[in-house]
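Open the structure in your viewer and keep the selection tool ready. We will go stop by stop.

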Amino acid sequence: MSKRLSKTQDNAVYAGVWLACFAPLAWLAWRGFSGDLGANPIETLIRQLGVWGLRLLLVGLVITPAARILRKPRLVRFRRTIGLFAFAYVTLHLFSYIGIDLFFDFGQLWKDILKRPFITLGMLAFVLLIPLAVTSTNGWVIRMGRAAWQRLHWLIYLIVPLGVAHYYLLVKADHRPPLVYGAVFLALMGWRVWELRKRAQQTPA
Amino acid sequence: MLIRHAPDLTDNDVTDPGVYLQRRTLMAGLAGLGLAGFAGQANAALTYTKGFSTTEKPTPRKDVTTYNNFYEFGVDKGDPAEKSDRFKPRPWTVRIDGACEAPRTVGIEDLIAGNKLEERIYRMRCVEGWSMVIPWVGFPLKDLLASVKPTSKAKYVAFETVRRPSEMPGQGWNTLDWPYVEGLRIDEAMHPLTLMAVGLYGDVLPNQNGAPLRLVVPWKYGFKGGKSIVRITLTEKPPATAWNKLAPREYGFYANVNPAVDHPRWSQATERRLGEFRRRETLPFNGYGEWVADLYRGMDLKRFY
Ligand code: HEM
């Protein structure tokens with residue numbers, strides 16, 4: 001067993017995780033204010049927010065395997081922070097699309113959702129994320145009961161591939177980047193399947 | 001065909017003779033010092049008159065030269081500016097052949113010296129939904145085509161971009177089927193607005209913008225403008241073009257700017273002019289309908305997109 005951290009050390013680690021999640025946003029804001037987002041700043045902003053949302057969703061899925069493999073079960077306490085940050089990035093991604101790109105043209109948004117598969121999938125992923133964000137508090141875990149809460153949060157296994165598909169569909173020619181994210185997702189799922197099998201074998205029937 | 005009255009044509013006069021002469025003397029001076037080679041390098045000024053232009057404010061040079069789609073150098077907008085320094089646009093020759101009586105191979109310096117260069121400030125609308133206003137320097141493609149005497153079999157024109165994976169890192173991966181080929185119908189190619197550009201903002205074309213020679217067809221989406229062209233072929237059949245081969249439903253052969261025909265994945269009704277906050281309406285034929293709509297009379301532009 002690893003040595004327990006003191007309360008201050010624990011807080012310091014926590015602050016580090018929080019800052020790491022916040023850094024891309026701060027960096028984006030800084031570049032925005034100093035006019036360093038390139039010739040098409042609005043596009044850069046929307047894309048960066050989307051990509052960081054997806055990355056954090058994947059980091060959230062890395063936590064459980066990492067905790068098991070590294071035998072550091074307390075890593076799991078970071079999952080909620082990371083998940084909520086992912087939600088924040090995706091929400092800002094959606095808001096900058098609606099607010100800056102479409103300039104609150106909700107008619108156009110609705111048309112996009114119906115007509116453009118990449119928006120349809122993105123929107124679906126976002127809508128599915130909402131209940132996860134809402135039920136992220138301890139209160140909700142107790143209210144729902146562990147098992148039901150856990151089952152609800154399995155939605156993430158649908159949300160992440162929807163996000164990857166959303167990315168894949170908007171790429172014009174070079175599909176490598178979304179495929180890399182998709183491969184990371186599959187690897188993480190592969191580990192889970194492997195782990196489940198192993199456990200099933202270990203528990204006698 | 002003559003370009004009739006042009007409402008957005010501002011300054012049809014020749015360049016201020018002072019400027020013109022200065023450039024001439026500068027070039028002559030450099031040549032005299034044995035620095036003629038220098039005059040052919042990036043940022044070397046060209047000598048030109050002012051031609052058909054929009055009055056709209058040109059997009060800053062920095063944006064025009066750092067935000068590019070030129071997949072030969074990579075798929076990110078910044079790649080062409082960042083990853084094109086190994087590319088050698090000189091010496092350069094272009095082969096013009098196919099259905100013509102006098103096929104020829106011509107060097108870039110001869111093309112520049114042998115044609116009357118004009119500055120044309122054109123709108124450029126990308127199929128992705130953004131636009132720029134770009135001061136090109138070049139000459140009408142029709143002058144070049146006339147020089148090889150096209151035969152009656154010449155119905156289309158194919159433009160082939162150079163293939164040099166050692167100098168163009170994006171060609172190391174088959175994002176598109178290299179070499180990049182674009183094409184026009186012969187009447188589109190002979191239209192006086194269709195330009196062969198050799199310069200930008202008064203200087204020789206930078207690598208990232210298609211050096212040393214590129215096509216500019218202002219009423220079509222930007223991808224129709226082949227860059228770093230090594231071969232122009234007159235053909236009887238429409239050439240197979242790069243984007244059309246990749247996704248025929250998304251990128252048609254004509255690719256005329258048309259707000260009424262959406263790309264399957266996004267709307268073409270509006271565009272973001274770089275530097276502007278709100279999107280603006282996209283104009284049919286990118287605002288050049290008055291001069292080019294006749295080319296498509298009677299055609300169903302929803303079908304021939
Ligand atoms: C879980 C939800 C979502 C995730 C993970 C996600 C992720 C992404 C990613 C990774 C990109 C590509 C970034 C790049 O090219 O570098 C992207 C682009 C984009 N997303 Fe999302 N997205 C989500 C939801 C949405 C929603 C709800 C909308 C709008 C209704 C939306 C609209 C867009 C748009 C407009 C682009 C940029 C397209 C372009 O610039 O051509 N996304 N998103």
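This is a predicted model: local features need pLDDT of at least 70, side-chain atom pairs count only at pLDDT 80 or more; totals for chains, interfaces and linings use all residues.

Start by selecting A:Cys21. This cysteine is buried, with a relative accessible area of 5%. (Buried means under 20% relative accessible area, exposed over 50%, and partly exposed in between, using a 1.4 Å probe and protein chains only.) Next, pick B:Cys126, which is also buried, at 7% relative accessibility. A disulfide is a covalent bond between the sulfur atoms of two cysteines.

Residues are numbered from 1 along each chain as its sequence is written, chains are lettered from A and ligands numbered from 1 in the order in which they are written, and side-chain values use heavy atoms, without hydrogens and water.

**The ligand**

Now select the ligand and the residues near it (a heavy atom within 4 Å). The shell holds 20 residues, and the closest are A:Arg47, A:His93, A:Tyr97, A:His166 and A:Leu170. Zoom in on A:Arg47: a polar atom of its side chain is 2.8 Å from a ligand oxygen. Turn to A:His93, where a side-chain N or O atom lies 2.7 Å from a nitrogen of the ligand. At A:His166, a polar side-chain atom sits 2.8 Å from a ligand nitrogen.

Switch to the cartoon view. Which helix of chain A gives the most to the shell? Helix 5, with seven residues. Helices 2 (41-69), 3 (79-101), 5 (117-134) and 8 (156-170) of chain A each supply at least two. (Helices are DSSP runs of H or I, at least four residues; strands are runs of E, at least two; both are numbered from the N terminus.)

Move to B:Pro91, in the loop between helix 4 (79-82) and strand 2 (93-98) of chain B. The peptide bond from B:Arg90 to B:Pro91 is cis, with omega near -5°. Another cis bond joins B:Trp178 and B:Pro179, with omega about -5°.

Finish with two positive phi angles. B:Lys149 has phi of about 50° although it is not a glycine, and B:Asn286, also not a glycine, has phi near 55°. Which is buried and which is partly exposed? B:Lys149 is partly exposed at 47%, whereas B:Asn286 is buried at 2%.

Definitions and conventions:
A polar contact is a pair of N or O atoms within 3.5 Å; within protein, one must be able to donate a hydrogen and the other to accept it, and residues adjacent in sequence count only if both atoms are side-chain atoms.
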